[in-house]
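Dear colleague,

Please find below the structure I mentioned, together with its sequence.

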Amino acid sequence: MNKLLIVGTVAFDAIETPFGKTDKILGGAGTFIGLSASHFNVKSAIVSVVGDDFPQEYLDLLTSRGIDISGIEIVKGGKTFFWSGRYHNDLNSRDTLVTELNVLADFKPVVPQNFTDSDVVMLGNLHPLVQSSVLDQLTSTPKLVVLDTMNFWMDCALTELLEVIKRVDVITINDEEARQLSGEYSLVKAAAKIHNMGPKYVVIKKGEHGALLFHNKEVFFAPALPLEEVFDPTGAGDTFAGGFSGYIAQSENISFSNMKNAIIQGSNLASFCVEKFGTERMLTLNEQEVKERLKQFKSLTQFEIEL
């Protein structure tokens, strides 16, 4: 069984949308990536940090999904990273109300010894120096390194971000971030510029409008499934990344044609994530539901035309 190493926050979120609000609930990029990747037959581990205010039941929940948590440091007397946000009516934009770094401020990741030879590495959205530190600890070259980042790091740690981008095979960012990173409005031109920074594959997420995959001159577009209800978009991008990296790790096939499948798998799982607050929907999701929705994706995109 292939190994998937996940780096990202394990955190508390408090979310407000037009449909309701929550108190502190389980969140964090590493959490969403791990829960999503657990739908594939891979050995996975999360590298992260929490305070001793983080409930044991949340750690047990991750373990119950087959996720190795030996890389999650628990800081005695420390407080877990906390983010609170309010989404606007269109759910595409949001205001950050509170960001408390807490134990994340001094986080020095330690990769578990039995995962230093991981086949696939998923670098979730964190400071680029943390992402680089993880790559430095690997004892063998992974088959694939995937990086997720955001405009915040482009604003305050661009030099460090460009250094880690040189070391990855795939970068996943949204369309706004792709434009900021490249300085190009056209996403085709943006992807070409980002290719030149190092990654062989560029994935540009467009939220409810799907995702684009670029590799050299090849382009693939995966639509997002039209949903009757979207409750909370928090974690959808991380769920996408978990599905993408989990599928690649399971299939052991790193090719453009197989990455098309990985994009669909990621989009499929992300479509469930947004149906409830936080991780709630991902915790009840079963394999039959995943398969049925994959069929919907197939019917949405499949057509025959005479040329």
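I begin with Ser38, which sits in the loop that links α1 (29-37) to β5 (43-51). Please keep in mind throughout that this is a predicted model. Although Ser38 and Gly246 are 208 residues apart along the chain, their C-alpha atoms are separated by 7.4 Å.

Just after α8 comes Glu252, whose phi is positive, at about 55 degrees, although Glu252 is not a glycine. The background to this remark is that most residues other than glycine have a negative phi. Glu252 belongs to the loop between α8 and α9 (256-273), and with a relative accessible area of 55% it is exposed, since the cut-off for that class is over 50%.

Asn102 is another residue other than glycine with a positive phi, here near 50 degrees. It is found in the loop between β9 (94-100) and β10, and at 28% relative accessibility Asn102 counts as partly exposed.

The other part of these notes concerns helix packing, where two packed helices are described by the angle between their axes and the distance between the axes.

Helix α3 (residues 128-136) packs with helix α5 (residues 158-165) at an angle of about 30 degrees, and their axes are 8 Å apart. Because angles under 35 degrees count as roughly parallel, α3 is placed in that class relative to α5. The crossing of these two helices, α3 and α5, is left-handed. On the α3 side the contact involves Pro128, Leu129, Gln131, Ser132 and Leu135, which meet Glu160, Leu161 and Val164 in α5. Sorted by class, the contact of α3 with α5 has five nonpolar, two polar and one charged residues.

As for burial in α3, the buried residues are Pro128, Val130, Gln131, Ser132, Val134 and Leu135. The buried residues of α3 pack against α5 and also against β1 (3-7), β10 (120-123), β11 (144-148) and α4 (151-156).

How are helix α6 and helix α7 placed, in terms of the angle at which they pack and how far apart their axes are? Helix α6 (residues 175-182) and helix α7 (residues 187-196) pack at about 60 degrees, with axes 9 Å apart, and α6 and α7 are therefore oblique to each other. Their crossing, that of α6 and α7, is left-handed. Asp175, Ala178, Arg179, Leu181 and Ser182 of α6 make this contact together with Leu187, Ala190, Lys193 and Ile194 of α7. By class, the contact of α6 with α7 has five nonpolar, one polar and three charged residues.

How values were computed:
Residues numbered from 1 in each chain as written. Predicted model: local features only at pLDDT ≥ 70, side-chain atom pairs only at ≥ 80, totals over all residues. Heavy atoms only, no water. Helix = DSSP H or I, 4+ residues; strand = E, 2+ residues; numbered from the N terminus. Axes fitted to C-alpha atoms, helices over the stretch in contact; angles between N-to-C directions. Parallel < 35°, antiparallel > 145°, perpendicular 65-115°, else oblique. Left-handed = near helix turned anticlockwise from the far one by under 90°. Contact = heavy atoms within 4.5 Å. Nonpolar A, V, L, I, M, F, W, Y, C, P; charged D, E, K, R; others polar. Buried < 20%, exposed > 50% of the residue type's maximum accessible area, 1.4 Å probe, protein only.
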